[in-house]
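Let's take a walk through this structure together, one region at a time. Have the coordinates open and follow along.

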2 protein chains.
Amino acid sequence: MLFFQTQTVSQVLQKMREQIEPLNEKITIFIEESLGMIVADPLISAEYSPNFVRSTVDGYAVISSDTFGASDTMPAYIKIKGSVQMGEETKMLLSMGETVYVPTGGMVPAGADAVCMIEYTENLNGLLNIYKQVAPMENCIQIGEDIVKGEIILQKGHRIRSQDIALLASLGMKQVMVKKPPIVGYLSTGDEIVSYETSHLPIGKIRDSNVASIRAACKQMNASFVYGGIVKDSEQDLLPACQSLLDEVDLLVISGGSSVGERDYSYAVFNQLGKPGVYVHGISIKPGKPTLIGQIGKKPILGLPGHPVSASVIFEIFGKEMLRCLLGTYENPLFTRRKAKILRNIPSQSGRTDYFRVQLVNENDEWIAYPVYGKSGVLNTLVKSDGLAVIPEEAEGVKAGEWVEVILLS
Amino acid sequence: MLFFQTQTVSQVLQKMREQIEPLNEKITIFIEESLGMIVADPLISAEYSPNFVRSTVDGYAVISSDTFGASDTMPAYIKIKGSVQMGEETKMLLSMGETVYVPTGGMVPAGADAVCMIEYTENLNGLLNIYKQVAPMENCIQIGEDIVKGEIILQKGHRIRSQDIALLASLGMKQVMVKKPPIVGYLSTGDEIVSYETSHLPIGKIRDSNVASIRAACKQMNASFVYGGIVKDSEQDLLPACQSLLDEVDLLVISGGSSVGERDYSYAVFNQLGKPGVYVHGISIKPGKPTLIGQIGKKPILGLPGHPVSASVIFEIFGKEMLRCLLGTYENPLFTRRKAKILRNIPSQSGRTDYFRVQLVNENDEWIAYPVYGKSGVLNTLVKSDGLAVIPEEAEGVKAGEWVEVILLS
């Protein structure tokens, strides 16, 4: 009988990060479609923004020193030379003792170095009374204050957010070059597995729910998804199905058949697909011990346990990290992890990392983690959970009242 | 001159939540497309899951009492009656002293109440030696242990995640009824505004970057987006543009013209669109004071300040909450907010809520918020930020070392 040579979670993650190279392919897309995509090369601005000195208030452009000392009782008096039209360039040049009206967002003319808010002024027949002094640069945005020409605005590997798209738009960048989204190929194996579209479920069969969760998880990562269907538990069926799917994709995922039982063919099939083959068979993890990880050429392969909870957890920890490696990006724990206080003792085996399903409730400004108990075949436990509390491999469980790290299930 | 009657952030949020009714429309979609959608009605299971007793191991189904007392030195001896085929129903009925082989995921026959793992057994010419006793229910999942027929599996208002989709799939639910995504209509006003597709930007003009950030923010909320274009700063232009856009949409957003200057027509136009009109003009908030909120019939309207940072912040706080109200759902702070320690004093005005741009860095297991300084017209400050630190209205700023709540900018 074949036994596992299990490796720890940190060993496996390190090995994966060493082995999996980022995909080289880049695509150019409209910025409207770039939310969540990964910047392929450092993005450099070809412009100054703004490209003119812009007023941030409705008011009067002045040479600030003309206003020094001005107050309610001792206003400054300055001659009004005209006004700037909204959205228009002005060629006016301000000299000392002169001012022009500028609306919010309007261009501050050359010579001026500040804008007085209209609330602190009074126009008396073309002579402006100013009741409050302004400092140099006050109430205006300088040329290049937002972005300087040649500046890197987004780094390679950055995940694009809404405000990043706004910045690209403000610089007239209609398109952006991003990493091509990886294509994930997925198939399920198991004689008991039927399509989830099966209305009347025969006794003894179960519906393929893993395809649904893995497809959704890929969508969260902006990865494409190709479904290879359900394949019988036999090498003759599994090998050609894997071979043809592997040709089309960047990452191959199989659900089921990953253990060491007599019906588990994924290990043998993966090793027949090519070199280097499987380099992880069995992880010191709960749930999800019978996991396969390897590579065919540059393409990573992942064998998930068939149990729905194990499959989801393993894809969350290792599948998403494979996608990040392929995209040349990294996990940002700001959005994926959170500390919470656990209120029950949870025993665990030293040397093994446990991912314990928890509900998270905010009580008195602290996040409290309540364990959700249940077997790894019981999907509803994951639906009732907000996250996975990490019990690290060096610990023998956690004690009530301790803080644990929780991976958020969004 | 018209002045603001500003209201506090909490007053405005409360008023919005009272005024905005959830949309009634529901749509039925395939579960593959349901990620992030909002459940329209409580979802009830029409099945038991599993619908047969399922083994979680490769092993032998037994009547557990037959194994009581079994050990390495004193095995139990039980007659092997046959084996269960993977994925097949078995009509076998187990009597005391009998056992059948069952693979992982296979059906446990009637009569049996537990499964012995194969590792603790030995088949000696049809007589099974069992070296470890099993408890009742051990190594099997009972009928309905995951889901009971008639059980509510997802509540109304729940935001659908990957594991939820897997549960629906496991129950054969190919489709799900969700809230219709709200349609957001957006237009920009301002004589200085030009399309962000303008390659060569004339001096005095700025590109409409707000359309890009608001469209992306709507996408994050799974809302549809209709772009009404850029409209001149005049009542004659703005009124018909708003009227025709309002007819098509569930929420109308205008960027610019929301203040009280001579070029600000949004307030007057909103009030001409219908009743009840504007009920918030000016919020005690920084940035984004000149904000308009109202309703035409049941449709909420939002007038954003034109400054890009203000527009993004106001849409984040109020626009997204409008969408949640329309969807009949709620903010889950687990994914949107986080406490962080601020390392600088930030002064603020009592009675006003400040949203201060911050970078978040994890240091020694604590999230530290570093303020990002800059004017509200300077979009790059938002790009450099990970979140918005909330300085509450009752506080006069925060002191270095204090913990603040941060809204995450994902």
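Helix 3 of chain B is followed by B:Asn222, a residue with a positive phi, near 60 degrees; helices here are DSSP runs of H or I with at least four residues, strands are runs of E with at least two, and both are numbered from the N terminus. Bear in mind that this is a predicted model, in which local features need pLDDT of at least 70 and side-chain atom pairs count only at pLDDT 80 or more, while totals for chains, interfaces and linings use all residues. Residues are numbered from 1 along each chain as its sequence is written, chains are lettered from A and ligands numbered from 1 in the order in which they are written, and side-chain values use heavy atoms, without hydrogens and water.

Stepping back into helix 3 itself (residues 210–220), you will find it mostly covered, with eight of its eleven residues buried. Buried means under 20% relative accessible area, exposed means over 50%, and partly exposed lies in between, using a 1.4 Å probe and protein chains only. Among the buried ones are B:Asn210, B:Ile214 and B:Cys218.

Now for helix 1 of chain B (residues 9–19), where B:Gln19 lies. B:Gln19 counts as partly exposed because its relative accessibility is 34%. Beyond its neighbours within four places in sequence, B:Gln19 is in contact with B:Tyr279 and B:Gln295.

Finally, turn to chain A, where six strands form an open sheet of mixed pairing in the order 7-4-6-5-9-8; two strands pair if DSSP finds at least two bridges between them. Strand 7 (114–117) and strand 8 (121–124) stand at the edges with a single partner strand each, so one side of each has no neighbour in the sheet. Within the sheet, strand 5 (residues 76–83) and strand 9 (residues 127–130) run antiparallel, joined by four bridges. A:Ala76 has A:Ile130 of strand 9 as its bridge partner.

Notes:
Contact = heavy atoms within 4.5 Å.
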